[in-house]
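Please open the structure in the viewer and keep the selection tool at hand.

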Amino acid sequence: MDPKVFVNSLTFSDGSILTLEENNIVVFVGPNNAGKSASLKEIEASARHKISPKKVLREVEFSIIGNIDDIRNFFELTTTKTFLTDGLHYRGLGYDIPATNIDYYWNNVRNRGLDSLTAIFVKLLSTETRLAAANPPQNINTRKDPIQHPIHLLQKDDAFEEKFSSYFKQAFGKDLLVHRNAGNEVPLHIGDKPPINPGEDRISNQYLGRLEELPLLHEQGDGMRSFVGVLLHAFISTHTILLIDEPEAFLHPPQARLLGKMLSKDLPAQRQLFLSTHSEYFLKGLLDSNNPNLKIIRIQREDHINKVSVLSSKDIDSIWNDSLLRHSNILNGLFHSKVIVCESDSDCRFYSAILDSLYDGTNEISPDILFIHCGGKHRIPVVIRALRSLNVPIAIITDFDVLNNINPLRSIYEELGGIWQTISSDWNNVKSAVDNQRPQLESEDVKQEINRILTEVSERIFPENKVKEITTILKSTSAWSKAKEVGKNYLPAGQETQAYNRLTSELEKLGLYIVEIGELECFVRSIGNHGPSWVNEVLTKDLKNDPELENARRFVRKVTNS
């Protein structure tokens with residue numbers, strides 16, 4: 001039996017305990033400086049020395065599989081033996097260990113840690129390491145010598161080379177080819193695989209001449225080299241614990257997503273993979289494969305405590321099976337300290353720009369907040385449910401007319417943790433106060449206006465601008481159309497306004513903020529457009545100092561500072 005080492009459990013600084021199995025893929029996500037990269041380093045340090053300084057992880061427990069005979073057989077069968085002045089040494093992938101030390105290390109591994117054996121079982125793959133993995137290793141005798149580098153396995157095994165080349169081709173559209181007769185080194189070439197003509201093989205001069213015309217991998221950009229370095233160590237190295245910090249580094253979004261999918265789908269059995277990422281694309285790639293062994297750990301730092309939340313397979317499935325969530329940037333919220341959900345993209349652009357203006361020219365750091373939209377009020381509850389399952393702090397911004405109907409208001413409030421009966425009486429009073437107002441247009445007015453438009457139209461295809469005019473007229477049949485343009489001031493003074501104040505106070509306690517002046521466009525009435533056109537024009541103004549935007553600045557401060 002081959003000896004193996006796995007992480008059995010992680011105890012975080014907040015006391016949370018994560019129990020793991022041999023095939024788990026663990027992904028650390030969260031805002032900057034939350035402790036994602038530190039977690040990887042502390043796992044590696046704990047493997048090396050059982051008692052090691054830790055900040056994010058209070059304790060790391062390992063499973064050690066195999067006895068002393070197993071570890072001796074491992075060295076005998078899988079390493080290169082060299083004799084130095086101090087005796088026999090075993091050389092392998094990243095290690096050189098005196099034979100006399102092996103029994104001592106293995107017999108004390110449970111009490112002391114792996115010590116010099118760490119390099120056999122645990123690999124912390126830094127940016128520099130994975131870039132260097134694309135460099136040509138020294139040539140070996142593939143029939144006799146143990147591999148010293150992941151590229152040696154590509155050199156030794158045709159099936160591995162072919163499979164690995166298919167990974168590379170999916171990402172970059174080119175084959176990845178081993179040069180098996182390049183002298184002292186084993187370089188990799190990229191390009192369209194040269195044909196092997198009749199009477200030739202892979203070491204024929206004619207074939208090698210065509211191969212050597214192709215570019216060398218180690219002379220390419222960081223993206224290609226990093227991609228290959230990550231996959232080489234994940235799929236070919238013998239480490240049972242692999243830790244990779246930001247595997248998506250240097251990659252464009254489609255390639256980052258493909259890398260995540262490959263790691264999640266094709267990782268060899270009996271190998272634990274620990275990742276930290278800032279990329280929603282890489283995370284989506286991991287989710288694409290529906291791997292039941294995937295665990296997503298969100299870390300949020302509060303003072304000196306690293307608080308964690310663990311997404312179960314059920315949580316992940318519920319998010320990934322919703323088409324809105326799957327094809328949106330909502331998962332990007334995992335990497336921010338707070339998410340503010342708006343009704344539309346125009347809302348997000350406006351509020352985000354106002355937030356940035358508040359910190360322009362100051363020594364303060366703008367808060368780590370992501371604005372996202374969900375295509376209208378009725379999708380907000382789904383987004384809240386998803387983000388709360390991820391333990392992401394959230395706030396919601398809606399226009400005044402969210403008060404028009406019991407749903408989605410009730411669903412939004414209850415998804416935020418509220419009890420509807422707490423606010424139902426005040427909501428009924430506010431809704432009735434608006435419903436009882438005289439609408440802008442009564443039935444006779446509507447008929448006259450629509451008839452006027454129909455009389456004006458002579459085109460065969462009904463004009464789009466006339467459709468919009470009719471839509472506007474129909475909206476004016478409800479008092480809520482006017483209320484959305486005026487907001488809180490549309491309510492009568494007295495009990496109705498008092499009910500509104502109590503209602504919004506309760507909503508804001510749970511993070512739901514209503515634009516009390518009506519809707520987004522009411523912040524700048526001097527601009528007459530709507531939606532994207534309105535936002536484009538507003539963003540040309542002095543967002544930090546323009547007096548007309550003071551209400552917007554005050555509103556954004558309240559929402560973001562809550």
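A helix, as the word is used here, is a DSSP run of H or I at least four residues long, and helices are numbered from the N terminus. The model is predicted.

**First stop: a cis peptide bond.** Select Pro 408, whose place is in helix 17, residues 406-415. The peptide bond that joins Asn 407 and Pro 408 is cis, with omega at about 20°.

**Second stop: two helices.** Select residues 222-235, which form helix 10, and residues 253-266, which form helix 11. Their axes lie 11 Å apart, and the helices pack at an angle of about 5°. Helix 10 is therefore roughly parallel to helix 11, since angles under 35 degrees count as such. Now display the side chains where the two helices meet. Helix 10 contributes Phe 227, Val 230, Leu 231, Ala 234 and Phe 235; helix 11 contributes Gln 255, Leu 259, Met 262, Leu 263 and Asp 266. Of the residues in this contact, eight are nonpolar, one is polar and one is charged.

Continue to Gln 270, in the loop between helix 11 and strand 12 (272-276). Phi of Gln 270 is near 55°, a positive value in a residue other than glycine. Select Asp 115 next, in the loop between helix 4 (109-112) and helix 5 (118-121). Asp 115 is likewise a residue other than glycine with a positive phi, near 55°. Which of the words buried, partly exposed or exposed applies to Gln 270? With a relative accessibility of 37%, Gln 270 counts as partly exposed, whereas Asp 115, at 18%, counts as buried.

Select Asp 426, which belongs to helix 18, residues 424-435. Asp 426 has a relative accessible area of 12% and so is buried. Apart from neighbours within four places in sequence, Asp 426 is in contact with Ala 499, Arg 502 and Leu 503. The side chains of Asp 426 and Arg 502 are joined by a polar contact of 2.8 Å.

How many disulfides does a search of the whole structure find? The search finds zero. Select Cys 348: the nearest cysteine sulfur, that of Cys 342, is 4.1 Å away, and Cys 348 is in no disulfide. A disulfide requires the sulfur atoms to be within 2.5 Å. Cys 348 counts as buried, at 7% relative accessibility.

Terms used
Residues are numbered from 1 along each chain as its sequence is written. This is a predicted model: local features need pLDDT of at least 70, side-chain atom pairs count only at pLDDT 80 or more; totals for chains, interfaces and linings use all residues. Side-chain values use heavy atoms; hydrogens and water are left out. Axes are lines fitted to C-alpha atoms, for helices over the stretch in contact, and angles run from 0 to 180 degrees between N-to-C directions. Angles under 35 degrees count as roughly parallel, over 145 as roughly antiparallel, 65 to 115 as roughly perpendicular and the rest as oblique. Contact means heavy atoms within 4.5 Å. Ala, Val, Leu, Ile, Met, Phe, Trp, Tyr, Cys and Pro count as nonpolar, Asp, Glu, Lys and Arg as charged, and the others, Gly among them, as polar. Buried means under 20% relative accessible area, exposed over 50%, partly exposed in between (1.4 Å probe, protein chains only). A polar contact is a pair of N or O atoms within 3.5 Å; within protein, one must be able to donate a hydrogen and the other to accept it, and residues adjacent in sequence count only if both atoms are side-chain atoms.
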